[in-house]
Amino acid sequence: DGMKLLSEAIRHAPALRSISFAVFDFTDDSLKILSEAIRHAPALQSISLGSRITDNGMKLLSEAIRHAPGLQCISLDCLRLTSDSKQKLSEAIRHAPGLQSIMLDSFELADDSLKILSEAVRHAAGTAEIISLQFYGRTDDDVKPLSEAIRHAPALQSISLEGIRCTDDGMKLLSEAIRHAPALRSISFDVFDLTDDCMKPLSKAIRHAPALQSISLWC
């Protein structure tokens, strides 16, 4: 009932630009109501949900994102999602023409979910400026599609990746992608098990990133 009241208020706030909820567990019913409100908030630019969203809840929210033409930023907890709901989210990202910031927490690499997300990022290449992912990769194959997406995002200004478990070869792929991101200003990597060998391509990439202003590495 509380979410119904709040969502009804959101629908009648035509100038509302940002909503941020830190709720531990959204029920599907409450997300359905909230999603309807989002679809009727024409000025909405930012959605931040610091809560664990179920599979069905993400499908509802993704449909709402597709109908929010002014949306510029999404920040979501993706801990309990399946590949099917991640596909829905990726489709929503592809159809959000103004989206500039994509921040996904606990984006697990089950099945081909990162490939799905990376494809969505490639289709948001004209506007995507910020990509922030906290996920847990296991192989260099997981990093490859993300690297391809970065290479095709000319407007990209900031990359923040946490929990990457890739080898030197994986970091080489990311480094090569950085070289092809001319607008990149900030990189932040939390990377495990790197050797001195992988620092060479990363260093070369940094040298060829003319707009780079900030580097943060946790190795």
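S90 is buried, with a relative accessible area of 3%. The cut-off for buried is under 20%. This is a predicted model. S90 sits in helix α4. Leaving out residues up to four places away in sequence, S90 touches I116, L117 and A120.

## Helices α3 and α4

Helix α3 covers residues 55–66, and helix α4 covers residues 83–94. Their axes lie 8 Å apart. The packing angle is about 10°. Angles under 35 degrees count as roughly parallel, and α3 and α4 are therefore roughly parallel to each other.

The α3 side of the contact consists of D55, M58, K59, S62, I65 and R66. These meet D84, S85, K88, L89, E91 and A92 in α4. By class, the contact of α3 with α4 has 6 charged, 4 nonpolar and 2 polar residues.

K59 belongs to helix α3. Is K59 buried or partly exposed? K59 is partly exposed, with a relative accessible area of 26%. That class runs between the buried limit of 20% and the exposed limit of 50%.

Which residues does K59 touch, not counting those up to four places away in sequence? K59 touches D84, S85 and K88. Along the chain, K59 and D84 are 25 residues apart. Their C-alpha atoms are separated by 8.7 Å.

## I65 and the nonpolar core

In soluble globular proteins, nonpolar side chains tend to be buried together. Here the largest nonpolar core has 55 residues. L34, I38, L49 and I65 are those with the most contacts inside that core.

I65 is also one of the α3 residues that meet α4. With residues up to four places away in sequence not counted, I65 touches I47, L71, I74, L89, A92 and A96. Among them, L89 and A92 are listed on the α4 side of the helix contact.

## Helices α1 and α2

Helix α1 spans residues 2–11, and helix α2 spans residues 28–39. Their axes come within 8 Å. They cross at roughly 10°. That makes α1 roughly parallel to α2.

From α1, the contact takes in M3, K4, S7, I10 and R11. From α2, it takes in S30, I33, L34 and A37. The residues of the contact of α1 with α2 divide into 5 nonpolar, 2 polar and 2 charged. L34, one of the α2 residues in this contact, is also among those with the most contacts inside the largest nonpolar core.

Note on methods
Residues are numbered from 1 along each chain as its sequence is written. This is a predicted model: local features need pLDDT of at least 70, side-chain atom pairs count only at pLDDT 80 or more; totals for chains, interfaces and linings use all residues. Side-chain values use heavy atoms; hydrogens and water are left out. Axes are lines fitted to C-alpha atoms, for helices over the stretch in contact, and angles run from 0 to 180 degrees between N-to-C directions. Helices (H or I, at least four residues) and strands (E, at least two) are DSSP runs, numbered from the N terminus. Angles under 35 degrees count as roughly parallel, over 145 as roughly antiparallel, 65 to 115 as roughly perpendicular and the rest as oblique. Contact means heavy atoms within 4.5 Å. Ala, Val, Leu, Ile, Met, Phe, Trp, Tyr, Cys and Pro count as nonpolar, Asp, Glu, Lys and Arg as charged, and the others, Gly among them, as polar. Buried means under 20% relative accessible area, exposed over 50%, partly exposed in between (1.4 Å probe, protein chains only). A nonpolar core is a set of buried Ala, Val, Leu, Ile, Met, Phe, Trp, Tyr and Cys residues joined through side-chain atoms within 4.5 Å.
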